[in-house]
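Have the sequence and the 3D view open side by side.

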Amino acid sequence: MCSRNTPLRAIDPSRIRINRDIKHSDASSIFEVELNGQKYALKIFHDNGDPGYTEKGRDLNRFRCEFNACQKLLASGACERGVVPKCYGYIDRMDPAAFAPVLRHFAHDKLQPRAILLEYLPNAESLNCVNYSDALYSQAIEGMEEIHRAGVHHQDLYSKNLLLVHGDPDRLVWIDFDVATTFDELGLEQQADCDHEIALVKGFGELLRKDQAEGLPPNTKYY
């Protein structure tokens with residue numbers, strides 16, 4: 001639907017069929033959906049009014065953050081190379097009543113929700129100390145470096161946002177860009193943020209390795 005260097009396309013919500021819910025949070029929900037016979041993941045964002053920006057200019061609108069990050073990642077080729085889920089399009093507004101009772105969590109929001117259509121990754125699980133692999137973890141670091149080259153800072157680096165996607169071969173995929181920030185030029189401040197994020201990725205890789213060596217069950221610790 002969307003190729004490299006093509007802006008995200010608007011999608012008619014009436015063409016979407018929701019199969020099941022995958023994950024819920026206070027900010028958004030993710031559903032398995034079908035469009036034209038193909039399965040996708042649809043991330044739907046609650047909207048109770050635009051929170052705007054901080055005094056320093058950081059965007060607080062989660063849909064806008066993910067949308068802007070997807071545009072950058074799509075244009076850079078990061079989606080195509082599998083570092084992040086492929087981004088296919090967006091829905092400006094969805095009427096919860098048209099998808100009742102599935103979207104009942106959105107029925108009392110001030111505004112109708114917006115959504116982003118993403119690649120569906122059926123054979124995926126969050127990285128933890130049990131499924132961690134030294135051989136594979138370099139992909140997490142290299143993937144974050146590619147995200148930075150796209151002009152995106154993730155800003156929410158936890159192992160829950162790094163998926164192990166089983167396949168031939170297995171791969172690691174960064175997800176959840178709804179608090180991400182974007183930049184056009186790599187100045188000193190942007191480079192410092194890149195360095196900080198790479199250090200965080202390396203750091204929790206070491207924590208996962210240590211917990212695995214100790215034989216701890218998954219999610220014993222929060223990192």
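Domain 1 and domain 2 bury about 1,700 Å² between them, with 52% of that area on carbon and sulfur atoms; buried area here is the accessible area (1.4 Å probe) that two parts lose on being put together, summed over both. On the domain 1 side, R58, K72 and V83 supply 33% of the area buried against domain 2, more than any other three residues.

A quick word on the ground rules. This is a predicted model, so local features need pLDDT of at least 70 and side-chain atom pairs count only at pLDDT 80 or more, while totals for chains, interfaces and linings use all residues. Residues are numbered from 1 along each chain as its sequence is written, and side-chain values use heavy atoms, with hydrogens and water left out.

Where do the domains lie? Domain 1 covers 14–119 and domain 2 covers 124–214, with bounds from an automatic or database domain assignment. Their centres, taken over C-alpha atoms, are 21 Å apart. Each domain puts 21 residues into the contact, meaning heavy atoms within 4.5 Å.

Now the charges: 7 salt bridges are counted between the domains, each a side-chain nitrogen of Lys or Arg within 4 Å of a carboxyl oxygen of Asp or Glu. Elsewhere in the listing, R171 and E119 meet through their side chains in a salt bridge (3.4 Å, N to O). Back on the side of domain 1 that touches domain 2, β4 (38–47) and α1 (62–76) each supply at least two residues; helices (H or I, at least four residues) and strands (E, at least two) are DSSP runs, numbered from the N terminus. The largest share of that side, 8 residues, comes from α1.
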